[in-house]
Structures are given as C-alpha cells and as structure tokens.
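Welcome! Please take a moment to look over the chain before reading on. The report below walks through a sheet and then some charged pairs.

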Amino acid sequence: MTLDFTTLDTLRTHHPAWRLLRSDHAPLVASFLHRVFVAPNVRVMAAADLAEALEDELYALRLHVGETAFPKPALDYLNDWAAPDKGWLRKFYRPGTDEAQFDLTPATEKAIAWLAQLSERQFVGTESRLLTLFDLLKQMSEGSEADPAKRIAELHKKRDDIDAEIARVLSGDVPLLDDTALKDRFQQFMQGARDLLTDFREVEHNFRQLDRRVRERIALWEGSKGALLEDIMGERDAIADSDQGKSFRAFWDFLLSSRRQEELTQLLDRVLALPAVTDLKPDSRTRRVHYDWMEAGEHTQRTVASLSQQLRRFLDDQAWLENRRIMDILHGIESKAVALRAHWGKDWPPAGQVMEMAEACADIELAMERPLFTPAIKPVIAELNLQAGDEDIDPSALFDQVVVDKARLTRHIRHALQDRAQITLNELVASQALQHGLAELVAYLQLGSETFSTVVDEDTSEPIHWQAVTTDGQAITRCARLPRVIFMR
C-alpha cells in the first residue's frame, strides 16, 4: 500500500481503526474493549453480559466525570459501535438462538494494539530481534537451496558447531544468557504471542468474508446447481491452498500435537520461573498462552465449518426454492422503489396506486357453518379362538438389549486426562476396546459434546476398529472412519 494523500484520506474516512482513533469516545471504547475482549482473550460475548459490563463501566465514569458524560444506556452504545458507520464490534446471532452476540473486529484490535505501543517502555531489546531476523534469512536461504552438495556442506557445518559446543560444555565452559538477554527475548516472545492472537481474528474475518460472498452468490445465482457448486468449491480450494490457508493449516497441525503441547507447557513453566523474567511481572495468562492460541484457532475452524454447512443447506431443494422466492420478492420491491425515485421532487405523491399490501384480518366462521357432531365408529371384534402356532421361538431375544455404561466411559476419559492435556478418541478406544461396538462409540461422541471439552479436526480422519460377533457366532472386525476427535481437560 502506498501512503499517498488519496489513500490516507480514504483510510481516514472509511477505515474503522482510524475512525476509532478520531472518535470523541475513543478512551471509553478502547479501554473497555481491551479489558473485556483483548486482555482475557474472549472471542464472543452475549449482548446481555457485555451490556452489563459496560453499564458498570459507565456508572464508574459518571461518578468520576459527571452524570451527563455518557447519557445513553449501555446497549445503545454497543449497537452504535456495531453500526456500519463505526464497525468497531461485530453483532451477529448464532444459529438456533435469538440472543445477540458481539465480537471484536480486526480493525479495532489493530487500533488497540497501536495505542498500547504509544507508552514508553523501560526496556527496549534489539538483540533478540536482530538474531531472529538473521535466523529467518538463514532459513530462507537454506530452505531454497536446491544443490545437494551445498545442503550437505551446511549440515556438516552445523554438526561441527554442535560438536564444538558439546566439547565446551563437557570441559566445564557452560555459556549462560545474562538477565538482559533473557528480558530481551521474553519481551519479544510476549509481543509475538499477542500478535499471533491478533492475526487469528483477522484470519477468521477473512474466512467470514468468504462465507458472506458464498451466501450472496447462492441467493442471486440464476444458473444450474452444478455450475454454482463448482464455482464455490473452486474458491474454497483457492482459499485453502493460498499462503494464508497453508500457514494456518501448518500452525493448527503443530498446535494439535500433544507432544508439542506438553513441550510448550514445560518450556513456559521453566522460563516463567527464571528470576529475570519474574522481575518483568508477566501477565498471569502467559502460562496458558498456547491454550489461548488453540481456542482462537478453534473459532477459525468453526467459521470454516459454517461455510460447509451453508453448502449443505444449498443442496436442499426446498431451501433453494424458498431463497429464490424471497429474492424475487426483494427484487420486485427494489424495482418499485427505483421507479418511485423518479417522481421524487416532481409530482409527489405519484398518481395512481403505489403498492398493494394485504390487510390483516381475523377469520370469521359462523356457528351454522360448522359441521354437526358425528359419533366415532366403534369396531366390532369378532369372537375367535386364538390358535397356538407350531414355531418354537425363544422369547428371551426380546429382552436382549444393549446398555452402554456412560459412567465407565467418563471415568476412562478422566483417568486418561490426568497425566496429559489432551487425548484423541482413537487413543481412548485403543487403550480400552469397545464392548458394545457402534453404540459405545456414539456414547463417546455424546460425552464429548455434553461433558468434556473437545476439538474436531475435520481435515484428518481416523479409523476406529472394534470386534463384533455375527449371528452365526463368527468374530469379525468392524471399522468406522470419522474426523479426529480430541478430548481436552
């Protein structure tokens, strides 16, 4: 982007972040949204809870600056901040609910992050950033080298450096980072962790924009279903194969690894226990920052899942016809509105009938129009003697029911999560085989949605096997293939 006058003037007028910085209520908006959304890493909040928190904030401010400072109710301020001319909050409704939800927009988070950088820092580290830049250049240079001889020579050089460092440590020369270097690197880590959470909201916003374009295209499409699906799926694949999509997939695969989770937890515990880092008084949420990353990534995955759900709804013929009928009605209203606009300022109101609307009225049914009572016809049961059959059937089969012990499955999941942060459904079944086959597998999925916190990785499928017995007594192996389900404590 070029920073010329026209571009900057357009941003000053239309960009939500710049509008927030120009607003008279910028201190209230930025401080409140930072405290409610950014600091605790809250992605979505119900309108009632957010309005209650803002009402408390306004009450405290009125006591400090005067009763007339913020005269409107809290909910009016929230709706104003979510209006298109502001764009500081995103107001939406979850499927199946009528309660409004609010989320922070990427532009607002950028403005808040820029405001946080205005304060003077007591310690500004530059060494770690220079080393990071140098390492990035080395990775790009080595990763793009196609000559095998040069790659092997570079690997031999690294091996020699590692051998030399091992020799120094064995001889008693153990180099340690001083307090300044530790503070420098920890500040860079915290800045990168905050930037990563900010980037997640922007990635989710980009996928949501794709979802909106898909919905608009479905509503206005006039061609065949096959052509529309081919067009939509091509754009979906283009997003997944883009640089942003590939980077997000690599990050998500890295974060879902239980080994990486345990390694991050151990590293954070060890670093936060260092005296130099303790002197910086880091935020208490730093210890679980990797779980904040996972929660933010899960929101992005849900946005992608909503796109797939919209495509499935399109395959429903009834929904397709209903959308077409609604769009035809809206097009008719728009056409009449455009035709009326030509009369504005000339001969208003226009002559003749403008629009017809059916008047609401009650259905009237006279008493004489109702049918007379007709007694029900009682069937006559013939008196016949029941004859016993000759078939020898074991009635115990009627009482042979399968009962899945959910309490046993719950104990198994909790026991598995005692010594690890997460475990997949495949690992649970491998450690304790299914006793009742598919019914027990469905019970695991029900517990994952009702009792435990779970994450579904739709891009990775896992086969789950169990032993079953046929009606003739033969043992067979059955298999169900479903997306990877991860239970988390």
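How many bridges join β4 to strand β6? Three bridges do so, and the two strands, with β6 covering residues 475–488, run antiparallel.

## About the model

This is a predicted model, in which local features need pLDDT of at least 70, side-chain atom pairs count only at pLDDT 80 or more, and totals for chains, interfaces and linings use all residues. Residues are numbered from 1 along each chain as its sequence is written, and side-chain values use heavy atoms, with hydrogens and water left out.

## An open sheet

Let's start with the strands. Here strands (E, at least two residues) and helices (H or I, at least four) are DSSP runs numbered from the N terminus, and two strands pair if DSSP finds at least two bridges between them. Three strands make up an open sheet with antiparallel pairing, in the order β4-β6-β5. Its edge strands, each pairing on one side only, are β4 (422–424) and β5 (453–469). On average, neighbouring strands of this sheet are turned by 25° against each other, direction ignored. For such angles, axes are lines fitted to C-alpha atoms, for helices over the stretch in contact, and values run from 0 to 180 degrees between N-to-C directions.

To follow the pairing by residue, look at I423: its bridge partner in β6 is F487. Helix α18 (residues 438–450) packs on the sheet and touches β5 and β6, where contact means heavy atoms within 4.5 Å. The direction of α18 makes about 5° with that of β6.

## Charged pairs

A salt bridge here is a side-chain nitrogen of Lys or Arg within 4 Å of a carboxyl oxygen of Asp or Glu. By this rule the count is nine. One of them joins R90 and D103, with the closest N and O atoms 3.8 Å apart. This pair links distant parts of the chain, as R90 lies in strand β2 (residues 89–93) and D103 in strand β3 (residues 100–104), 13 residues apart.

Is D103 buried or exposed? Buried means under 20% relative accessible area, exposed over 50%, and partly exposed in between (1.4 Å probe, protein chains only). D103 counts as buried because its relative accessibility is 1%.

E427 and R420 also meet through their side chains, at 3.3 Å from N to O. Both ends are partly exposed: E427 has a relative accessible area of 34%, and R420 is at 22%. Elsewhere, salt bridges that share partners join D80, D85 and K86 into one network. Within it, K86 and D80 have their closest N and O atoms 3.4 Å apart, and D80 is partly exposed at 24%.
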